[in-house]
Amino acid sequence: MEMFFKICVLLLILGGINWGLVGLFSFNAVGWLFGGSATLLSRIVFVVVGAAGLCAIPYLFANHESGSAAAE
């Protein structure tokens, strides 16, 4: 399950970078890579990033212990 959340976070980082580019430079990297923001491939990427965001919501509320004492 930890790998699943790492993939979600990676997708969220990529989506955040894309939104930052849109906000700062009006440049949609996903649309540029896949031939426009309305193409099927771009929309699939947007849906996958959105689903990653939804799947990461429970991670915000999970009890995370840090430090080496948690591993014992």
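Reader: Hey, which residues make the nonpolar surface patch here?
Author: Keep in mind that this is a predicted model. In it, the patch is made by Leu 24, Phe 25, Phe 27, Trp 32, Leu 33, Phe 34, Leu 40, Leu 41, Ile 44 and Val 48, and it covers about 1100 Å².

Reader: Okay, and which elements give two or more residues to that patch?
Author: Three helices do: α1 (2–25), α2 (29–33) and α3 (40–61).

Reader: Which one gives the most?
Author: That's α3, with four residues in the nonpolar patch.

Reader: Where does Trp 32 lie?
Author: Trp 32 is part of helix α2.

Reader: And is Trp 32 buried or exposed?
Author: Trp 32 counts as exposed, because its relative accessibility is 61% and the cut-off for exposed is over 50%.

Reader: Which residues are the closest to its centre?
Author: Leu 14, Gly 15, Asn 18, Val 30 and Val 49 are, out of 19 residues that line the largest pocket.

Reader: Which helix gives the most to that lining?
Author: For the pocket lining it's α1, with ten residues. Still, α1, α2 and α3 each supply at least two residues there.

Notes. Residues numbered from 1 in each chain as written. Predicted model: local features only at pLDDT ≥ 70, side-chain atom pairs only at ≥ 80, totals over all residues. Heavy atoms only, no water. Patch = residues over 30% accessible without salt bridge, like charges linked within 9 Å, V, L, I, M, F, W, Y side chains within 5 Å. Areas by Shrake-Rupley, 256 points an atom, 1.4 Å probe, with all protein chains shown as cover. Salt bridge = Lys/Arg side-chain N within 4 Å of Asp/Glu carboxyl O. Buried < 20%, exposed > 50% of the residue type's maximum accessible area, 1.4 Å probe, protein only. 1 Å grid on protein atoms, 1.4 Å probe; cavity = no way out; pocket = protein on both sides within 12 Å on 5 of 7 lines; lining within 4 Å.
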